[in-house]
Every structure is written in structure tokens, then in C-alpha cells.
Amino acid sequence: MPATVVIGAQWGDEGKGRVVDFFARNCTVIARYSAGSNAGHTIVNERGRFALHLVPAGIFYGNKSCIIGNGVAILPTTLIGEITMLEERGVDTSQLMISDRAHVVMPWHVAIDKLDEAARGANAIGTTGTGTGPAFIDKTARLGVRTGDLLAADEFDEKVRFILEYKNRVITKMYDGDPLRFEDIRDEYREYGERLRHYITDTATVVQDAHARGEQILLEGAQGSLLDLDHGTYPYVTSSVPSSVAAGACVGVGLGPTAIRRVVGVYKAYQTRVGNGPMPTELFDADGSALRDHGIAQGTGEYGTTTGRPRRCGWFDGVLARQTARLNGLTSVALTRLDVLAQFDRVKICVAYELDGERIHALPPSLAASARVQPVYEELPGWKTEITDVRKLGDLPTEARQYVRRIEEILGVPVDMISVGPERDQAIVTRDIFGSALL
Ligand code: GDP
Ligand code: IMO
Ligand code: MG
């Protein structure tokens, strides 16, 4: 059976966790393939409200294999905290598996993440401070520690001694910081290894076997395509290797590209970004605050799941959205948080930019030029009606349907699911992608 990839098609926080939780019912394997605890995926279902950073959103079904693939960087404290929290809340984690090739976030990564950001000053990236970026940098520098290393004490000690000497030179000589102690790290990470030992395995084989048996596999993306190292708003991007775009999914779990037939792009009905970098449709007025604070009392305002930072908010950027639809080869779109737009008399979609008097249809690679870009908006009528209880497309107000249709036109991809609230059943399915004939 072809695998299905769910990716974020904006700057992250599009509602991937919510969409994966919804689609997971159709699949037997749900695997995260990139990023680390910089991700924060919120799931609201009959068991309550959960914020997951590393565990795949399929965990709530109990009978699905949930895999943290080789492409993920794991901060052990976050993962252990998450497993403990799930167990305490009665969620069975016995189906969780962790790749023995996934990289481990080490104390120097967290330290260097903060020191690097401080050194950048006004040009700081606005990272999540979780050490994830530096862990991926070390992965490509061939200075990484992998989960499999946690299980082999002698090899771990030898590796860490070598890397730590290097990193302590960076911390003390370059940043004037305090060195880290080998013994502390060894003891701490030995405990993590013991706690995680029975989850760590060769997950690529598990995924490949499931694929060979014809099972449905769901590959859960993290972050968003506009944060991609190659195609995002560099350098205001994340450092995940493999990338969070759909093409990274194969590498991140160990499947070949021919296994992937469906790619679902998750878009918010408007735009958000957390951290620094260009955002042409950002709003600094009352509309921006209205987008951010809608649902704040219910805990669904636009504040970071991982850091609690307020998210920058703006109108839907159709220029970037079309670019990410093509970049990911989307076959399907899940449009989330459409309910949030119910408060506006009129809604806007950015359909082009103006740069120095010229109309353009892509964000320029230069940061200085990106900062001068002015969005060209198309205005559509709002619907001013709550839609959180709507479950059929035909029951949506005409104006809301018109808005969805316009987004479909811009993307050139069908919107197959519309989310009208954070809870599992608050969805309008316009085409059952698992039930319909394969593309
Ligand atoms: P992710 O990182 O892509 O999984 O997204 P986050 O969980 O970081 O942010 C999405 C937020 O929107 C979470 O608070 C979700 O509970 C919430 N959410 C998801 N879909 C909807 C929706 O259709 N309507 C509303 N109001 N909230 C939603
Ligand atoms: P989910 O999976 C939103 C952003 C950070 C920062 C930049 C680099 O929840 O959508 P990093 O810590 O990765 O080095 O920070 O990337 N970022 C995210 N923003 N959602 C995410 O994940 C993100 N993961 C990273 O805010 O701007
Ligand atoms: Mg998030």
C-alpha cells in the first residue's frame, strides 16, 4: 500500500498533530520522520488535550505501531517526560518504537543553541532553544550521538569523551561559558538509555515490513515547508536533516520514494509564524490580535505549543502556499482553523507581491528585498457565523465555501478535509482519501 505523508505547508503549527490524529484511524503504522522537540503537536480527543513533541500523534489508538524514525533528533528528557505523562493519563505506549539510528540531543546542544542565539543578537533566529538545531548540525558534521550508542556503554563513553572535549573548547574559548563535565553526562545519559532501552530498535525494517505486507503507513511531518533549509526563508529556518518537506519522509524512516503516493499538505486558513524572519502578510493591527487571541480561553489561541511565545499572525499567503503545494507534490489539502475566520466581515488572501513597483509571484531570496515586499490582497466576504458544529460541506455558509474554493484554485489541489475546531470530530471530510481509489 502506498504510504501517506502529512506535512506542514506554512511555517509550522498548521495543525499537523490534529490531522494525523484524525487520519491515523485508517493506518497501522504512524511514524515521525524529522525534526525534534522543537515541534509541538496538539491533539484534542476523547482522552483530553495533549501536547506532543516527539511521540507520533497516532499513539492514542493503542493498537498502532508508533515510530520515532531515524530522521528525528531526540531530547531524552522531553521524550521520557512525554512517555511518563501519557502513561499517567492512561495512554498505552507499548506500541512505541524508537529508531536506533535517531540522533540524541546532548547537553552541549542545548547550551550552544542558547549561546549561538545570544551571539547573533538582533539577528537571532528565534529558535526554540531545545538544542535541536545544533544536534542536526552535529549529525551532518559526523559528531552525533545516536540512540543506539546509549545502549553500548563503552562506545558511548569513548565517543562522548572525544566530542565533549571539542564542544567544551567551543563553549569556553569561543563563548566564555562553563565547561560541561563528562561524568555528569555519562551518568545522566546511562539512565536515559536504561529507561528507553526497550523502545529502541531497527525501525526502518519495521516500516519496510509493514509496507511489504500492504499496510497503510502514515508519515507525520513536523515544522513547515517554509522553515525548510533549502526552500524556506533562509537563514530563518530550522536545521532538520532530513528536511520536513515530503521528500524528506523517505529518508527519515527508511522507505523508498515509490512507497509514497499521497501527500497531504496541512494549511491553516490564515498565516502564522513563530520566531524571526520574513512574513509578508503579517498584521500588526487589531485583525492580527483577533487572529492570535481567538480561542485563548480554551487554550487554542496562537501561542507556541513548545515555547508559549505569541505567534505572528496574518492573512493567508497564497503566493507561498502555492509554492509549497508544488514543492511537496501535494495530492490533497487539509485546511485547519477555518472557524477562526468567522469573526471577520471581510477576509483577505494574498495573491501576489509588489516589490519596488513591480508585481512578483515569489518571495525573493534576499532578506532585504523580502522585507520590502508588499502583499497584494484579494478581498472576500466573511461569513460571520460560527461553523464549529458544521460537519458537511453543504452546511457551511456560502461565503466560507467560496473562501475554501478560492484556496483550492490558488493551490491547484483539492481540499479534502476542513477542520472547524481542535477536537477529533470537528471536521468536514469532502473526500475520503483512504477510501477513494488510489491516485
Ligand atoms: P502542529 O504543530 O502543526 O501540530 O500545530 P499546533 O498543535 O502547534 O497548533 C495548532 C493549534 O490549533 C492547536 O492548538 C490545535 O489544538 C488547534 N487546532 C487545530 N485545528 C483546529 C481548528 O480547526 N480550529 C481551531 N480553533 N483550532 C484548531
Ligand atoms: P511544529 O512541528 C513552528 C521554528 C522556530 C524558529 C526556527 C528555528 O510544531 O509545527 P529551531 O529550534 O528549530 O532551531 O528554530 O524554526 N520552528 C517552528 N515553528 N512550529 C514548529 O514545529 C517549529 N519548529 C521549529 O520557532 O523560528
Ligand atoms: Mg506546533
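Author: Rings of Phe, Tyr and Trp (its six-membered ring) pair if their centres lie within 6.5 Å. Planes under 30 degrees apart count as stacked, over 60 as edge-to-face, the rest as tilted. By this rule there are eight aromatic pairs. The model is predicted: local features need pLDDT of at least 70, and side-chain atom pairs count only at pLDDT 80 or more. Residues are numbered from 1 along each chain, and side-chain values use heavy atoms.

Reader: Why is the pair of Phe 156 and Tyr 189 called stacked?

Author: The centres are 6.4 Å apart and the planes 20° apart. The limits are 6.5 Å and 30 degrees, so the pair counts as stacked.

Reader: What does this pair tie together?

Author: Phe 156 lies in helix α6 (residues 153-174) and Tyr 189 in helix α7 (residues 182-196), so the pair ties together parts 33 residues apart in sequence. Helices here are DSSP runs (H or I, at least four residues), and strands are too (E, at least two).

Reader: Are Phe 156 and Tyr 189 buried or exposed?

Author: Phe 156 and Tyr 189 are buried. Buried means under 20% relative accessible area, exposed over 50%, partly exposed in between (1.4 Å probe, protein chains only).

Reader: What makes Trp 315 and Phe 344 edge-to-face?

Author: Their planes are 65° apart, with 5.1 Å centre to centre.

Reader: How do you know that the charged end of Arg 89 sits over the ring of Phe 50?

Author: The charged end of Arg 89 is 3.8 Å from the ring centre of Phe 50. The rule asks for NZ of Lys or CZ of Arg within 6 Å of the centre and within 35 degrees of the ring normal.

Terms used
Chains lettered and ligands numbered in written order.
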